[in-house]
Amino acid sequence: MSRIGRMPITIPAGVEVKVDDKNVVIVKGPKGQLQETIHRDMKIVIEENELTVQRPTDNKNHRSLHGLSRTLINNMIVGVTNGYEKKLIINGVGYRAAKQGNKLNLSLGFSHPVEMVDPEGITTEVPTQTEIIVKGIDKQIVGNYAAKIRSWREPEPYKGKGIKYENEVVRRKEGKAGK
């Protein structure tokens, strides 16, 4: 059995989980609503305030889908109750971020400012000029948008300039050896 797949998910108070006949899971909570289609072979059982995912056989495909299905459902439940956030830090002289309405303006050393419009369901905050916080209820969309922001200037190994995640460690390299 999958160690992750066999663990039950506790449904917190205020969260409503529905599964239709085509294995579409709809999760409603205080922060919003999410829906995901789970593979048709996986069986989703809801008993009182616990949800479990069961697989029909032990073949390789079903084993790989077991833990994935459980994790996707758990991420939806955590998203509608607590939400997700990613924090980005900007390093570099003249590199800064600013927020105007639903647009994120980045000055990253290009000849033009980079403007990014927040996708639906995502909010960005700029507490200081060198910090960006991406928030939302869908873990996948939050991670993708944070990666898209980071891709404009990934941290380089010599001076450490660029946009990095809060907990990311940039391995620094030594420059050219002088005489």
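Okay, let's start at a ring: the charged end of Arg-153 sits over the ring of Phe-110, 4.5 Å from its centre. By "sits over" I mean that NZ of Lys or CZ of Arg is within 6 Å of the ring centre and within 35 degrees of the ring normal. There's another case like that, with the charged end of Lys-86 over the ring of Tyr-165, 5.2 Å from the centre.

Quick housekeeping. This is a predicted model, where local features need pLDDT of at least 70 and side-chain atom pairs count only at pLDDT 80 or more, while totals for chains, interfaces and linings use all residues. Residues are numbered from 1 along each chain as its sequence is written, and side-chain values use heavy atoms, with hydrogens and water left out.

Back to Phe-110. How many aromatic pairs does a search of the whole structure find? One, and here it is: Phe-110 with Trp-152, edge-to-face, 6.2 Å centre to centre with 70° between the planes. For the cut-offs, rings of Phe, Tyr and Trp (its six-membered ring) pair if their centres lie within 6.5 Å; planes under 30 degrees apart are stacked, over 60 edge-to-face, and the rest tilted. The pair ties together distant parts of the chain, 42 residues apart: Phe-110 is in the loop between E9 and E10, and Trp-152 is in the loop between H2 and strand E13 (162-165). Those labels are DSSP runs numbered from the N terminus, helices being H or I of at least four residues and strands E of at least two.

Buried would be under 20%, exposed over 50%, and partly exposed is in between (1.4 Å probe, protein chains only).

Strand by strand, E8 (residues 96-100) and E9 (residues 103-107) pair over five bridges; pairing takes at least two DSSP bridges. Ala-98 is opposite Asn-105 there, and in the two-residue hairpin Gly-101 has a positive phi near 65°. E9 then joins E10 (residues 114-117) through four bridges, with Leu-106 partnering Val-114 and Lys-103 opposite Val-117. That hairpin has six residues between the strands, and Gly-109 takes a positive phi near 90°.

Last stop: Asp-118, in the loop between E10 and strand E11 (122-125). It counts as buried, at 12% relative accessibility. Its side chain makes polar contacts with those of Thr-124, at 3.1 Å, and Tyr-145, at 3.3 Å. A polar contact is an N or O pair within 3.5 Å; within protein, one atom must be able to donate a hydrogen and the other to accept it, and residues adjacent in sequence count only if both atoms are side-chain atoms. Leaving out residues up to four places away in sequence, Asp-118 touches residues including Lys-99 and Asn-102, touching being heavy atoms within 4.5 Å.
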